[in-house]
Amino acid sequence: MIHVDVAVIGGGICGCALLYELSRYRVSSILLERENDVSIGTTKANSAIVHAGYDPLPGTSMARYNVEGNALVKELCRKLDVPCKETGSLVLAFDGEEMLQVDVLFHRGRKNGVPGLRVLNPAEIRELEPAVSDAAKAALYAPSAAIVSPWELALALAETAVRNGAGVRLNSEVTAIRKGAGGRGFILAAGGEEIHARYVVNAAGVDCDLVDRLLNPASFTVHPSKGQYYLLDKSQGALVKHVIFQCPGKQGKGVLVAPTVHGNLIVGPDAEPAERGDLSTTAEGLEFVRRTAAKSVPGIAFRESIRNFSGLRALTDEEDFIVGESETPGFFRIAGIKSPGLTSAPAIARDMVRMLGASGLALEEKAEWVDRRHVVRFKQLSAAGRAELIRRQPLYGRIVCRCETVTEGEIVAALHSPLPPCSLDGVKRRCGTGMGRCQGGFCGPRVLEIIARETGCAPEQIPQDRAGMTVVTGRTKEGQ
Ligand SMILES: Cc1cc2nc3c(=O)[nH]c(=O)nc-3n(C[C@H](O)[C@H](O)[C@H](O)COP(=O)(O)OP(=O)(O)OC[C@H]3O[C@@H](n4cnc5c(N)ncnc54)[C@H](O)[C@@H]3O)c2cc1C
């Protein structure tokens, strides 16, 4: 039986950011995640943009969290050594109606406090982005927009929280929640354990409504909306330098073309209603993405695509995020966190801690709180740095992933970190193995061997990603 002050349900960017914020204080906290790793839901499958904040309506919590979150994400990435690049973004207008829309976004952004917004003419667009279509008549330029590695940010937040004493329970789906004895606190059933918590925060992403109904009467429902993407090889990564949006429509922010922090080009998403758990891609959806993106940037070489993927938006009937205490005192929600949820998460987390404090949680800061983190990335080191590292630890002299220049030393370090991976994709999210052109075709078997060696797991038990996604089933030539 576990007793904590706060139980956080869901290890996406929202749950991880909250765990990190709570770990500043003398508060016991635990994050309960049903999958075998954090950052495996919507947080790993999105556009990875740190939005500037001109989209949300002024006065909404979304607008406030977006603009605050934009600055916080960048600060956190600096402190926790997470890839993030301030690229700026353009929203293109192709006709008179869209030029009016750009004007609306400009004024909305000013009201929301977005710094440095400007409306560019065609010559200025061309100067910034030669690959953008000549048909663009104007663009809203937002210099504070950025690109980030979403899963590395969530991992860094969770890992730092664990270093500071917070708990993370993986493979722990919350299946029941009831009030504690005398109506005080809560008792959660998760992963075969009973967790007693004074406060509970539901940050369960697309399933936040289902988790809510474990305790509360139905008050909101998630209608998942799927977005599909192309990820293109690094040969295309420099085609544009900014995030290139089109004017937003009923379906959200529309199809974008953007560089990624790992040097690729991302193109997407579309928007279509979907079932929970449906992460398929379809020929029609991808064709729509290609056609729409070509309007902004005609020269995208889609034959250089190395991966298609999709993510699910947690849409509700509310325009705004649902952040606050539920009808059951002590049970809080971070729900309906659609875009710009990745950007907003650190600001939501700070606000949630304030709300927990207002509800009676004692918030005494820890003097010994550590919020710095450093990750060794071999390929970013100088020749002298690499030589010194190999001298100290020869495993850094063995390149495992040749596409991305990832060494055995980095994989072993990740496997012995405070929040170690247990799958091929878990190693990929931490070290970048398999992110290159071959998508793990060459390094996958070697990574599997290293995980097995370092963790003592049989290779047949090591999944590609989620539990049960088996990679190997046994030896083909037993005894040889
Ligand atoms: C196509 C698309 C593009 C987007 N682009 C951007 C963007 O560019 N910029 C931006 O700011 N935002 C963007 N977003 C939004 C952003 O990705 C999300 O708002 C954010 O990732 C949501 O994080 P989360 O923590 O709420 O949910 P998730 O990341 O989904 O995490 C929820 C977690 O809860 C777990 N869980 C569920 N039920 C239970 C249970 N019963 N017990 C235990 N655990 C449970 C799940 O396994 C999951 O890990 C985009 C979203 C989509 C879909």
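The largest cavity has a volume of about 50 Å³. A cavity here is a set of points, on a 1 Å grid over the protein atoms alone, where a 1.4 Å probe fits but cannot get out. Grid points are joined across faces, edges and corners, and a volume is the space filled by probe spheres set on the points. By this rule, the count is one cavity of 30 Å³ or more. The model is predicted: local features need pLDDT of at least 70, side-chain atom pairs count only at pLDDT 80 or more, and totals for chains, interfaces and linings use all residues. Residues are numbered from 1 along each chain as its sequence is written, and side-chain values use heavy atoms, with hydrogens and water left out.

Tyr 54, Asp 55, Val 91, Phe 245, Gln 246, Pro 248 and Lys 253 line the largest cavity; lining residues have an atom within 4 Å of a point. By class, this lining has four nonpolar, one polar and two charged residues. Ala, Val, Leu, Ile, Met, Phe, Trp, Tyr, Cys and Pro count as nonpolar, Asp, Glu, Lys and Arg as charged, and the others, Gly among them, as polar.

The ligand is surrounded by 37 residues, each with a heavy atom within 4 Å of it. Glu 33, Thr 43, Ile 49, Ile 337 and Thr 343 are the closest. The shell holds 15 nonpolar, 15 polar and seven charged residues. Domain 1 (1-83 + 147-221 + 316-374) and domain 2 (89-143 + 223-313) both give residues to this shell, so the ligand lies between them. The domain bounds come from an automatic or database domain assignment.

Polar contacts (pairs of N or O atoms within 3.5 Å) were then examined. A backbone N or O atom of Gly 12 lies 3.4 Å from a ligand oxygen atom. For Arg 34, a backbone N or O atom is 3.2 Å from a nitrogen atom of the ligand. His 51 places a polar side-chain atom 3.3 Å from a nitrogen atom of the ligand. Taken alone, the ligand exposes 1000 Å², and the protein buries 97% of that (Shrake-Rupley method, 1.4 Å probe). Helix 1 (13-22), strand 18 (305-315) and helix 8 (341-358) are the elements that give two or more residues to the shell. Helices (H or I, at least four residues) and strands (E, at least two) are DSSP runs, numbered from the N terminus.

The second largest pocket has a volume of about 690 Å³. A pocket is an open set with protein on both sides within 12 Å along at least five of seven lines. This pocket is lined by 31 residues, with Val 375, Val 376, Arg 377, Arg 430 and Cys 431 nearest its centre. Helix 5 (150-163), helix 10 (408-415) and helix 11 (424-431) each give two or more residues to the lining. Helix 5 gives the most, with five residues. The lining has 14 nonpolar, six polar and eleven charged residues. It draws at least three residues from each of domain 1 and domain 3 (378-461).

Some backbone features lie in loops. The peptide bond from Gly 268 to Pro 269 is cis, with omega near 0°. Pro 269 lies between strand 16 (265-268) and strand 17 (272-273). The peptide bond from Ser 339 to Pro 340 is also cis, with omega near 10°. Pro 340 sits in the loop between strand 20 (331-335) and helix 8. Asn 171 is not a glycine, yet has a positive phi of about 50°. The loop that holds Asn 171 runs between strand 9 (167-169) and strand 10 (174-179).

Methods
Polar contact = N/O pair within 3.5 Å; in protein donor to acceptor, adjacent residues only side chain to side chain.
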